[in-house]
Amino acid sequence: DNGKSAVCSFKITLTALQCTDLHAPQNGALSCGSWGGQKTCTLLCNENFDIPRGQSGEKLYLCRNEGIWTPHDNVPDCTAGRNPRANQLPSSLQYYSGDCTDQQTQDNIATAFAQLVTDSGFCNLSEGCSVGNIEITCGAVTGKRRKRRSTHTHVITITFNFQ
């Protein structure tokens, strides 16, 4: 021992990997929110459309810490005509009426998302849980008379708090 000493210090910061953005469905919307460091999204279809038979539309898509969406990152388009008696999506809350870019429709989409999150147990109202900065991404819209797909995508951020 030569009587000399040295001190080393390190600062380590761990951050979760970010998931890639999910695709907003054609004739529908993608509603996402974050709390507790976890991003959660749901797929919604305009009430006149549904996902095609045989495709899987999930109630919630969760971004895991590894940067991977669970159960998967495949959000189907709402391209099939909808039969209200035989919904393809798991919840009736996943259908909306109106124009996705309309403020009232956006409020309804945010309310439906909040209800899905609450019903799924991700948010406990008794603990003062709040969901802020819900992001609604409207997918391209196809008209019945037009064959071409519109390329307009709208991103609207809405603050929604549970009371």
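Residues are numbered from 1 along each chain as its sequence is written. Because the model is predicted, local features need pLDDT of at least 70 and side-chain atom pairs count only at pLDDT 80 or more, while totals for chains, interfaces and linings use all residues.

The protein chain has one helix and nine strands, taken as DSSP runs (helices H or I, at least four residues; strands E, at least two) numbered from the N terminus. Along the sequence the elements follow the pattern β-β-β-β-β-β-β-α-β-β. Of the 163 residues, 38% count as buried (under 20% relative accessible area, 1.4 Å probe, protein chains only).

Helix H1 spans residues 103–119 and has 17 residues. The distance from its first C-alpha to its last is 24 Å, close to the 24 Å expected at 1.5 Å a residue (1.5 Å times one less than the number of residues). Buried residues of H1 include Ile 109, Ala 110, Phe 113, Leu 116 and Val 117. An α-helix has 3.6 residues a turn, so residues three or four places apart point the same way. At the N-terminal end, Asp 102 caps H1, with a side-chain oxygen 3.1 Å from the backbone nitrogen of Gln 104. Just after H1, Gly 121 takes a positive phi of about 85°.

Most residues other than glycine have a negative phi, and most peptide bonds are trans. Asn 27, in the segment before strand S1 (28–35), has a positive phi near 60°. Asn 27 is buried, with a relative accessible area of 4%. A cis peptide bond, with omega about 10°, joins Thr 70 and Pro 71. Pro 71 is found in the loop between strand S5 (69–70) and strand S6 (80–81).

Terms used:
Heavy atoms only, no water. Buried < 20%, exposed > 50% of the residue type's maximum accessible area, 1.4 Å probe, protein only. Polar contact = N/O pair within 3.5 Å; in protein donor to acceptor, adjacent residues only side chain to side chain.
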